[in-house]
Amino acid sequence: MLYYGNTDVGRQRQINQDSFMTIPMWGGQATLLVVCDGMGGHKSGDIASKTAVETFTHSMFSSESPTDEDDENTVDAYIKYYLVSSCDAANKAVYKMSMENPDNHGMGTTLVAALIYKDKLFAVNIGDSRLYMITKYSAIQISRDHSFVQYLVDSGKLTEEEAKTYPRRNVITRAIGVGEKARVDYFIADLKEWEGGGYILLCSDGLSNYMDSDLLFKTVYETDPAVEETTEDIEKKVNKLIEIANERGGADNITAVIGKF
């Protein structure tokens with residue numbers, strides 16, 4: 001699997017509170033992609049995101065790869081267990097640091113992660129960092145924002161258009177490290193259902209706040225996906241996304257990770 005990630009401080013922040021990881025697992029049989037966005041306006045958001053990424057990844061690497069004898073349901077349940085328990089480990093690590101050091105009190109972070117294994121996508125998220133599936137047809141948001149503005153949209157108090165400019169759109173309702181327990185969403189998708197393949201995009205809200213699904217699709221598919229791509233081609237797509245977010249304001253840290261399937 002081809003993949004690449006990058007992060008940028010943006011045009012208005014002094015510290016980058018985003019962190020990410022892209023790494024092969026299980027001897028190259030799987031690929032793990034992770035993005036965390038430290039809670040803006042809180043102390044030590046950069047420490048929270050870095051700690052969450054490192055702890056989550058370390059926990060995932062403690063797992064053993066499924067065997068050929070395992071049936072599909074067993075593999076699915078096994079991977080779900082490790083993804084969710086790794087979120088729990090990250091939550092405990094960040095929460096512990098927050099409680100032990102007054103300078104870190106109140107810190108937290110979003111987390112979105114994807115494990116790609118044998119033509120399947122397994123993913124978890126908490127907060128408003130996003131996971132998109134981008135195919136030759138469209139860009140679709142797979143994750144669901146845990147945010148105040150999403151709550152207002154879901155309850156019919158705001159339209160999607162109004163939500164884009166709502167002043168409290170960055171307030172999240174779930175995060176890693178703000179309590180003893182973290183409630184995460186879990187997703188699974190069969191990548192073989194998307195004929196011709198496509199891309200998985202993980203990003204912080206510093207990107208998604210400036211780009212709707214149509215612009216994401218256009219930017220990622222500006223080159224013909226049928227052409228044999230290299231990691232350098234994926235790098236160009238990632239950096240183009242970050243460039244556009246900066247051109248449109250760059251008010252927050254910007255992180256994008258793309259995996260081609």
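**Labels and their cut-offs**

Student: In β5, which residues point one way and which the other, and are they buried or exposed?

Tutor: Lys120, Phe122, Val124 and Ile126 point one way from β5, while Leu121, Ala123 and Asn125 point the other way. All are buried. Buried means under 20% relative accessible area, exposed over 50%, partly exposed in between (1.4 Å probe, protein chains only). In a regular strand the side chains alternate between the two faces of the sheet.

Student: What kind of model is this, and what is counted?

Tutor: This is a predicted model: local features need pLDDT of at least 70, side-chain atom pairs count only at pLDDT 80 or more, and totals for chains, interfaces and linings use all residues. Residues are numbered from 1 along each chain as its sequence is written, and side-chain values use heavy atoms, with hydrogens and water left out.

Student: Why is Lys120 called buried?

Tutor: Its relative accessibility is 11%. The limit is under 20%, so Lys120 counts as buried.

Student: What makes Lys120 and Glu72 a salt bridge?

Tutor: Their side chains meet at 2.5 Å, N to O. A salt bridge needs a side-chain nitrogen of Lys or Arg within 4 Å of a carboxyl oxygen of Asp or Glu, so the pair qualifies. The pair links distant parts of the chain: Lys120 is in strand β5 and Glu72 in helix α2, 48 residues apart. Glu72, Asp76 and Lys120 are linked in a network of salt bridges. Side chains of opposite charge can pair when their charged atoms come close.

Student: How many salt bridges does the structure hold, and which one involves Arg13?

Tutor: The structure holds eleven. Arg13 and Asp252 meet through their side chains at 3.2 Å, N to O. Arg13 lies in the loop between β1 and β2 and Asp252 in the loop between α7 and β10, so the pair ties together parts that are 239 residues apart in sequence.

Student: Why do Arg13 and Asp252 get their accessibility labels?

Tutor: Arg13 has a relative accessible area of 32%, so it is partly exposed. Asp252 has 12%, so it is buried.

Student: How do you know that β5 pairs with its neighbours?

Tutor: Two strands pair if DSSP finds at least two bridges between them. Seven bridges join β4 to β5, and six join β5 to β8. Both counts meet the requirement, so β5 pairs with β4 and with β8. β4 and β5 run antiparallel; β5 and β8 also run antiparallel. Ala113 has Val124 as its bridge partner in β5. Ala123 stands opposite Phe187 in β8.

Student: How do you know that the span of α2 agrees with a helix?

Tutor: Helices (H or I, at least four residues) and strands (E, at least two) are DSSP runs, numbered from the N terminus. The expected span is 1.5 Å times one less than the number of residues. For the 29 residues of α2 (residues 72-100), that should give 42 Å. The end C-alpha atoms are 42 Å apart, so the values agree.

Student: What makes a set of residues a nonpolar core here?

Tutor: The residues must be buried Ala, Val, Leu, Ile, Met, Phe, Trp, Tyr and Cys, joined through side-chain atoms within 4.5 Å. The largest such core has 29 residues, and Phe56, Leu111 and Leu115 have the most contacts inside it. The elements giving two or more residues are β3, α1, α2, β4 and β5. Helix α2 gives the largest share, seven residues. A second, separate core of 22 residues includes Tyr132, Leu201, Tyr221 and Val238.

Student: Why is Asn246 called buried, and what is it in contact with?

Tutor: Its relative accessible area is 10%, so Asn246 is buried. Asn246 lies in helix α7 (residues 231-247). Contact means heavy atoms within 4.5 Å. Leaving aside neighbours within four places in sequence, Asn246 is in contact with Asp8, Gly10, Arg11 and Ile254.
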